[in-house]
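This report describes salt bridges and a helix contact in a predicted model. The sequence and the structure are shown first.

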Amino acid sequence: FPVRNLAMKAARAALDLSQEDLARFPVRNLAMKAARAALDLSQEDLARLVGVSRQTINMIESGNYNPTLKLCRAIARELGKTLDELFGGPENDLPEA
């Protein structure tokens, strides 16, 4: 099942945004991108390690895809990070303007 961020839900409520409004503001995963870059891994490298396409990694990082919990765990394991570090940090809590 997809990872849901309770902070995102709270932010949506505080900003009085509907689910449709929120969908227009993709949340970029900068923590994942930074962790990948710190290990000198390309999107292709990470994709190969976790068994998905490079396009899937790109969509996750750009906020256009909500990965399954299974995929989130695989990514976290390969990047040596916790789920919270990659998918629950402050940079992932609010929509981009």
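R48 is exposed, because its relative accessible area of 56% lies over the 50% cut-off. In this predicted model, R48 takes part in a network of salt bridges together with E44 and D45.

Helix α4 spans residues 43-50. E44 and R48 both lie in this helix, four residues apart, which is about one turn of the helix. Their salt bridge has its closest N and O atoms 3.9 Å apart. D45 and R48 also both belong to helix α4, at a separation of three residues, again about one turn. The side chains of D45 and R48 meet in a salt bridge with an N to O distance of 3.6 Å.

The structure holds three salt bridges, and they include a pair formed by E61 and R36. The closest N and O atoms of this pair are 2.7 Å apart. E61 is located in helix α5 (residues 54-62) and R36 in helix α3 (residues 30-38), so defined as DSSP runs. The two residues are 25 positions apart, and the pair links distant parts of the chain. Both E61 and R36 are buried.

| E61 | R36 | 2.7 Å |

**The contact of helix α4 with helix α6**

Helix α4 also takes part in a helix crossing: its axis and that of helix α6 (residues 69-79) come within 9 Å and cross at roughly 115 degrees. The crossing of α4 and α6 is right-handed. Which residues of α4 and α6 make the contact? Helix α4 contributes L46, L49 and V50, while helix α6 contributes L71, A74, I75, E78 and L79. By class, the contact comprises seven nonpolar residues, no polar residues and one charged residue.

Key: Residues are numbered from 1 along each chain as its sequence is written. This is a predicted model: local features need pLDDT of at least 70, side-chain atom pairs count only at pLDDT 80 or more; totals for chains, interfaces and linings use all residues. Side-chain values use heavy atoms; hydrogens and water are left out. Axes are lines fitted to C-alpha atoms, for helices over the stretch in contact, and angles run from 0 to 180 degrees between N-to-C directions. A crossing is left-handed if the near helix is turned anticlockwise from the far one by less than a right angle, and right-handed if clockwise. Contact means heavy atoms within 4.5 Å. Ala, Val, Leu, Ile, Met, Phe, Trp, Tyr, Cys and Pro count as nonpolar, Asp, Glu, Lys and Arg as charged, and the others, Gly among them, as polar. A salt bridge is a side-chain nitrogen of Lys or Arg within 4 Å of a carboxyl oxygen of Asp or Glu. Buried means under 20% relative accessible area, exposed over 50%, partly exposed in between (1.4 Å probe, protein chains only).
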